[in-house]
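The sequence and structure come first.

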Amino acid sequence: MSPILSLLMALWPLHFCFAVAFRIEASWADLSRQVEVPTPPRSGHVAFTSSDEPCSPLIFGGYVEEKDDATGEITRRASNDMWKWHSSDKGWSKVDYGKQNVMPQPRLAAAMCLVRDLPVLFGGWDPQTPGTGGVILDTLEEFDIKSRAWDVIEDAQIPDGPTSRHVALSLPDGDALIHNHRCTDHVLIYSGSDFHKQPVTGQVPSSRGLHAATMAGSCVVVFGGAEQSGTMNNEAFVLDTHTWEWKKIQIENTDCAPCPRAAPCLVAISNTSVVLFGGAEATALGLSPSEE
């Protein structure tokens, strides 16, 4: 049995927040030779579930890598395909879009969540031709799971311009919360028709991207990420969506704290606990994937 999860954070009571880290024994099952898997391999994609099939997540887009068998050369490109996990068969299937002439442009580092039970894709980065820098997006696209069709939300754009490397979460009332590098005194709330800036107070996270976030009950939990300079951190914050006050989690056992990292996964396992996994660490040799 190899441990794959390293952090369980107890978040309440919020007036005395602390983190407790310990190891969870678990094991990986290699299904790549038994079932169809998303092809090519990818990173920087988004994942979401529908309210009707919470155990069948879907992934969209990302940076795909293709290797030339003859030369060994690896080429990378952004994608706009979608794959669905089938928990009963323990396998993936590619989603065929209902309208082939309407679909989001390829991208990675986007964010996606349910808005009143409809999946909505927010922004992202399309690298386009190598060397050009690509384009950062401010668009919103809505996906109908039953018809498998995309629709562009023409009347809504992300406030203050394009964004990528951000997070989007479904709030208990059905709205969406978006947090990006500009959210130093507010968060963005999308109602399904328009945006507004919700002011926040307290110990607000510094400007960052590639952070991880999840909902734990009515609270937003944020971990890690990177500043524009590339400096990573291992800070954790909680935002109470009733009072809109941020509080920084004071980690008591710092020797067990996760290392600074960007682009990890964070998921709630109860209203008071979340689990962190993976991400990229900065090392002397460059970025290194984390297995914690």
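Asn-233 lies in the loop that runs between β17 (219-223) and β18 (236-240); strands (E, at least two residues) and helices (H or I, at least four) are DSSP runs numbered from the N terminus. This is a predicted model, in which local features need pLDDT of at least 70, side-chain atom pairs count only at pLDDT 80 or more, and totals for chains, interfaces and linings use all residues. Residues are numbered from 1 along each chain as its sequence is written, and side-chain values use heavy atoms, with hydrogens and water left out.

**Surroundings of Asn-233**
- Asn-233 has a relative accessibility of 11% and so counts as buried (under 20% relative accessible area; exposed is over 50%, partly exposed in between; 1.4 Å probe, protein chains only).
- Leaving aside residues up to four places away in sequence, Asn-233 touches Arg-208, Gly-224, Gly-225, Pro-260 and Arg-261, where contact means heavy atoms within 4.5 Å.

**Aromatic pairs**
- Rings of Phe, Tyr and Trp (its six-membered ring) pair if their centres lie within 6.5 Å, and planes under 30 degrees apart count as stacked, over 60 as edge-to-face and the rest as tilted.
- The count by this rule is 10 aromatic pairs.
- Phe-143 and Trp-150 have ring centres 4.9 Å apart and planes at 50 degrees, so their pair is tilted.
- Phe-143 and Trp-150 are both buried.
- Tyr-190 and Phe-195 form a tilted pair, because their ring centres are 4.8 Å apart and their planes are at 40 degrees.
- Tyr-190 is buried at 1% relative accessibility, and Phe-195 is buried at 17% relative accessible area.
- Phe-60, Tyr-97, Phe-143 and Trp-150 are linked into a cluster by ring pairs.

**Charge over a ring**
- The charged end of Arg-165 sits over the ring of Trp-125, 5.3 Å from the ring centre (the rule asks for NZ of Lys or CZ of Arg within 6 Å of the centre and within 35 degrees of the ring normal).
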